[in-house]
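Thanks for coming. I will walk through one structure this morning, starting from a single residue and moving out to the whole chain. Please have a look at it first.

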Amino acid sequence: MRKFGTAAILAGGKSTRMGFDKQLLKINEKKLIDKLVSKLSVEFEEIIVVTNSPEYYLDFNFKVVKDIIVGKGPLSGIHAGLKESNSQFVYFIACDMPNINLKYIRYMKYKIRDLDIDIKACVTRFGVNIEPFNGFYSKDIVLDIEDYLAQGKRSLNQLIKQLQTYYVEEEEARMFSPNWDMFLNLNTKEDLEYFLKDNCNIS
C-alpha cells in the first residue's frame, strides 16, 4: 500500500507580480503559510516547507529545506521536497494557494492508494491543461527530475506528461470545488484584494 504521510509547501519563486515575497502573505493578520501548515497537519504527519529563505522559519517546528538544484523553478522545489520526505508519496501545494480542500486530498489518496500500476504522480486535468499543484508526486521521480533538468528542460507540466501519471478529470474535481477555487493562486496584489474581499470572515 502506498504511503501518503507528507505534505510539502513550495515557498520559492521571485514573487515579481506580487511586489513582495509571497512567503510573507497575510490573511487577516496571520501568515498564510501558517494557515496552510495548520490545515495540512490535520491530514499529514510530516510537513515540509521548501524555501531559499530559511531565516523566515527559525521559530517553526516543522521541516524547512532549501533547493538542492537551485534556480530551476518549481521542479527545484519538488525535487528537494521529495528528497527530504519520509513518505513514498508527497502532496505538494504552493505557498500562495489559500484554499486547501482536505476532502479532495483524501479523494486523491483513495483513487491511487491501491492501484496495481506504478503511479508516479496524481494531478488534476481539465481539457488539455494540467493543475500541477494540489497533487501528489512519488519519490521515485527524483532521478527523472535530475535527468530532465540536466537536459536543460524546466517545464513541470511537460515532465508530468512523460511520467506514469494518474489524472483526476475536471468533472470529478468540480464535485469538490465547483468554482475551482482549490486551485487559486494569489499572484498579484489585485488577486489578494479580491480574495480578502470575498473571504472577509476567514479565520
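In which strand does N134 lie? N134 is in strand β8, residues 129–138. Strands here are DSSP runs of E with at least two residues, helices are runs of H or I with at least four residues, and both are numbered from the N terminus.

Before going on, a word on where this comes from. This is a predicted model, in which local features need pLDDT of at least 70 and side-chain atom pairs count only at pLDDT 80 or more, while totals for chains, interfaces and linings use all residues. Residues are numbered from 1 along each chain as its sequence is written, and side-chain values use heavy atoms, with hydrogens and water left out.

Back to N134. Its phi is positive, about 60°, although N134 is not a glycine. Most residues other than glycine have a negative phi. N134 is buried, with a relative accessible area of 1%. Buried means under 20% relative accessible area, exposed means over 50%, and partly exposed is in between, with a 1.4 Å probe and protein chains only.

N28 also has a positive phi, about 50°, and is not a glycine. N28 sits in the loop between β2 and β3 and is partly exposed, at a relative accessible area of 41%.

Now the whole chain. The protein chain has seven helices and nine strands. Its radius of gyration is 16 Å, close to the 17 Å that the globule rule gives for 203 residues, so the chain is as compact as a globular protein of that length. That radius is taken over C-alpha atoms, and the rule is 2.2 Å times the number of residues to the power 0.38. Along the principal axes, the C-alpha atoms fill a box of roughly 45 × 35 × 30 Å.

Of the 203 residues, 50% are buried. Among contacts with a separation of 6 or more, 74% are between residues 24 or more positions apart; contact means heavy atoms within 4.5 Å.

What about the inside? In soluble globular proteins, nonpolar side chains tend to be buried together. Here the largest nonpolar core has 67 residues, and I9, L40 and Y137 have the most contacts inside it. Such a core is a set of buried Ala, Val, Leu, Ile, Met, Phe, Trp, Tyr and Cys residues joined through side-chain atoms within 4.5 Å. Leaving aside neighbours within four places in sequence, Y137 is in contact with residues including I78, L82, F89, V123 and L156.

In α1, residues 32–40, the buried residues include K35 and L40. The buried residues of α1 pack against β1, β2, β3, β4, β6 and α3.

Finally, the outside. L143, in helix α4, is exposed, with a relative accessible area of 56%. D198, in helix α7, is exposed at 61% relative accessible area. From D198 to H79 is 34 Å, C-alpha to C-alpha, and 119 residues in sequence.
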